[in-house]
Amino acid sequence: MENKQRGQLRRVSPQCDPRMRRRGVAAALFSFAALLACGGCAVGPDFKAPAAPVAASVTREPLPAQTQATPIEGGAAQRFDPAAQLSSQWWTSYGSPQLDGLVAAALGNSPTIASAQAALRVAQEQVNAQRGGLFPSIGGSAGATREKLNGAAQGFPGFGDFLFTLYNASVSLSYNFDVFGGVRRGIEAQEAGRDAQREELQATYQTLAANVVTAAVLEASLRAQMAATEELVASAQHEVDLSRQEFELGGAARSDVLSAESNLATVQATLPPLRQQLAAARSQLAVYLGKPPSEYGEAAFDLASLRLPLDIPLMVPSEIVRQRPDIRRAEAQLHEASAQIGVATANMLPQIGITGSYGESTSSFRSLFNSTVFSLGANVSAPLFQGGTLSAKRRAAIATYDQSLAQYRQTVLLAFKNVADALHALDADAQTLAAQYRAQTAAADSLHLIEQRFGLGGANHLELLVAQQQYQRSRVAYVQALAARYQDTAALFLALGGDWKRAGETAQADR
């Protein structure tokens, strides 16, 4: 009978074993948590990108098939072609190896690029950190403490003091189930922020390339203006010499000499500002290349060394939206604001999690791993009263989304304005260049005739002075109009957007 009872006890004991019971409770908790995680949904709106515009053109007035042509170098007609594709490295269409080298050096060495690349890496690591919220948090600890307890204080007055050492080692685990998707919305927001930073890097690339091209064209324009001005200085100096000779011979009045000297000084006074602007342009190029101005020793740029791009892409608004990095960045920021609404909503709902620990605690180091202690628990927490804080934060997130949507629309409008202005500028530049070319030709012919008449005594100093000033203004205006065609073409390419990635940049940022 006793053996039978023992057998029954042996058969019953596995079910009553506390360890088996704990394992059953743990299994039940994890099964419940898995069901919650699988059945949970992410609260908040699912982001949808704004619809692309359906307009057929960014300009109200139709553009001509091509711009006006002028029979000079850099005066060819530019063709507006809807089928033309914008090259990812559009600056190569200027046909200048020197310019290509400058842009490449700027993209590789500029601190602005390095800063944007580092910001992208920061954004990627923030995404990685946010993804950690999907996994349990596990920690470990170990320690030893020397303690002394008073027996009387513990209710044992006859035992005196207790002196002992307590050793412990434990592993703890905690996990909050993403039942309502707050963690997932947070990851979504961080990923959108990273995408916005990637587009910021693309915009930095494009802006830097356009700035280098514009500064190089400005340098070439200033050198051409200086060359024209130096020719005028030489002509004015020749006039002064002739006036002095005539005055010495009695053929001219003192006022004629003074008038010629005043004209010479006036023309000479225009050179220092041009030299200052040239020095500033080269210093700016040095900064773009990541160098101090004292180390910038690149060869001088000449307008004659540049080729005017002739095939101009004519994109519809929907293509511009996809091309421009600032619009894509604004869309990513709108996506981030949408995800933050979900985060704020999830914070208002209950949070479900589990905690557990497993370890050893003993007063003898030798028996450290023979005295097991553990705990396992589940918890549910919910905000009952927060004084309206969580509701206000959710309303603030919704308002932030509305703000981002308005900023996105404004970015799109400004992008279309930039493209429309640049297209009209190219057409106007071609007309201006043609008019300035005619004005310069007429002024040069007029000056040549008056100089001949002045040499023969048929024209006075005043007529010669007026002709020289008129030629000076027309020559400088002609050079400025020619340079504007190159600069506004670069401005259009920048306005159209585009996308290029340097080798290894994306892979490095995503690690």
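**Close-up views of salt bridges and a helix pair**

**View 1. Asp311 and its salt-bridge partner Arg79.** Asp311 is partly exposed, its relative accessible area being 44%, in what is a predicted model. Its side chain meets that of Arg79 in a salt bridge, with an N to O distance of 2.8 Å. The two residues belong to distant parts of the chain, since Asp311 sits in strand 4 (residues 311-313) and Arg79 in strand 1 (residues 79-81), 232 residues apart. Arg79 likewise counts as partly exposed, with a relative accessibility of 37%, a value that lies between the 20% limit for buried residues and the 50% limit for exposed ones.

**View 2. Glu200 of helix 5 with Arg329 of helix 9.** A salt bridge joins Glu200 to Arg329, and the closest N and O atoms of the pair are 2.3 Å apart. Because Glu200 lies in helix 5 and Arg329 in helix 9 (residues 325-346), this pair ties together parts of the chain that are 129 residues apart in sequence. Glu200 is partly exposed, with 28% relative accessible area.

**View 3. Asp326 and Arg324, a salt bridge between buried residues.** The closest N and O atoms of Asp326 and Arg324 are 2.7 Å apart, and the two residues form a salt bridge. Asp326 is buried at a relative accessible area of 16%, and Arg324 also counts as buried, with a relative accessibility of 8%; both assignments follow because buried means under 20%.

**View 4. The salt-bridge network of Asp46, Arg185 and Glu188.** These three residues, Asp46, Arg185 and Glu188, are linked to one another in a network of salt bridges. A search of the whole structure finds 17 salt bridges.

**View 5. Helix 5 against helix 7.** The axes of helix 5 (residues 182-248) and helix 7 (residues 271-288) come within 9 Å and cross at roughly 160°, and the two helices are therefore roughly antiparallel to each other, as angles over 145 degrees are counted in this way. The crossing of helix 5 and helix 7 is left-handed. Sorted by residue class, the contact of helix 5 with helix 7 comprises 14 nonpolar, 4 polar and 5 charged residues.

View 6. Thr204 is found in helix 5 and is buried, with a relative accessible area of 12%. Once its neighbours within four places in sequence are left aside, Thr204 is in contact with Thr112, Ile113 and Ala116.

Key
Residues numbered from 1 in each chain as written. Predicted model: local features only at pLDDT ≥ 70, side-chain atom pairs only at ≥ 80, totals over all residues. Heavy atoms only, no water. Axes fitted to C-alpha atoms, helices over the stretch in contact; angles between N-to-C directions. Helix = DSSP H or I, 4+ residues; strand = E, 2+ residues; numbered from the N terminus. Parallel < 35°, antiparallel > 145°, perpendicular 65-115°, else oblique. Left-handed = near helix turned anticlockwise from the far one by under 90°. Nonpolar A, V, L, I, M, F, W, Y, C, P; charged D, E, K, R; others polar. Buried < 20%, exposed > 50% of the residue type's maximum accessible area, 1.4 Å probe, protein only. Contact = heavy atoms within 4.5 Å. Salt bridge = Lys/Arg side-chain N within 4 Å of Asp/Glu carboxyl O.
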